[in-house]
Amino acid sequence: MEKKVFNIESLEIKRFYFDGKLVIKCPSCKVDLERDFSSDYLSYPSFTEAEDISFYCDDCEKEYILPVNMKNTIEITYDLKNMK
Ligand SMILES: [Zn+2]
């Protein structure tokens, strides 16, 4: 089995959805704030620089910005015996 790992630096994707959620506590009222990336996309995400992720608290009626660092790797495995 052969394996190659690629680190992706950015994606030229205007609306990048993926199956994942980030849940944080509101810095003011401590209620759970959720960012669901399956419905709320990232636009042209960078994996080399911090990305600002926004959260909206309904209770505080305020938007909060959290800088995050993301990593994106693609792992390819293959077996040359399967070559057709
Ligand atoms: Zn709040």
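Below is a short chat about this predicted model, from its overall fold down to a few single residues.

Visitor: What does the secondary structure come to?
Guide: Zero helices and six strands. Read along the sequence, the pattern is β-β-β-β-β-β.

Visitor: Is the protein a compact globule, or more spread out than one?
Guide: More spread out, because its radius of gyration is 18 Å, well over the 12 Å that the globule rule gives for 84 residues.

Visitor: What box do the C-alpha atoms fill?
Guide: Roughly 60 × 20 × 20 Å, taken along the principal axes.

Visitor: What about contacts by sequence distance?
Guide: Take the contacts between residues at least 6 apart in sequence. Of these, 58% join residues at least 24 apart.

Visitor: Pairing next. Which strand does β1 join, and in what sense?
Guide: Strand β1, residues 2–7, is joined to β6 by six bridges. The two run antiparallel.

Visitor: How well is β6 covered?
Guide: Hardly. Strand β6 spans residues 73–78, and the count of buried residues among its six is zero.

Visitor: Back to β1. What does E2 touch?
Guide: E2 lies in strand β1. Leaving aside neighbours within four places in sequence, E2 is in contact with T77, Y78, D79 and L80.

Visitor: How far is E2 from I76?
Guide: In sequence, 74 residues. In space, 8.2 Å, C-alpha to C-alpha.

Visitor: Why does E2 count as exposed?
Guide: Because E2 has 8 other C-beta atoms within 10 Å, and a residue with 12 or fewer is exposed.

Visitor: Now F6. Buried or exposed?
Guide: Exposed, because F6 has 10 C-beta neighbours inside 10 Å. F6 also has its place in strand β1.

Visitor: Which residues does F6 touch?
Guide: T73 and I74, not counting residues up to four places away in sequence.

Visitor: And where is M70 relative to F6?
Guide: The two are 64 residues apart in sequence. Their C-alpha atoms are 14 Å apart in space.

Visitor: What stands opposite S54?
Guide: I65, in β5.

Visitor: Why flag a positive phi?
Guide: Because most residues other than glycine have a negative phi.

Visitor: Which loop holds K30, and what is its phi?
Guide: K30 is in the loop between β2 (21–25) and β3 (32–36). Its phi is near 70°, a positive value in a residue other than glycine. K30 counts as exposed, with 10 C-beta neighbours inside 10 Å.

Visitor: And Y44?
Guide: Y44 lies in the loop between β3 and β4. Its phi is positive, about 45°, although Y44 is not a glycine.

Visitor: Is Y44 buried or exposed?
Guide: Exposed. Y44 has 12 C-beta neighbours inside 10 Å, and the cut-off for exposed is 12 or fewer.

Notes
Residues are numbered from 1 along each chain as its sequence is written. This is a predicted model: local features need pLDDT of at least 70, side-chain atom pairs count only at pLDDT 80 or more; totals for chains, interfaces and linings use all residues. Two strands pair if DSSP finds at least two bridges between them. Helices (H or I, at least four residues) and strands (E, at least two) are DSSP runs, numbered from the N terminus. The radius of gyration is taken over C-alpha atoms; the globule rule is 2.2 Å times the number of residues to the power 0.38. Two residues are in contact if their C-beta atoms, placed from the backbone, lie within 7 Å. A residue is buried if 20 or more other C-beta atoms lie within 10 Å of its own, exposed if 12 or fewer, and partly exposed in between; C-beta atoms are placed from the backbone.
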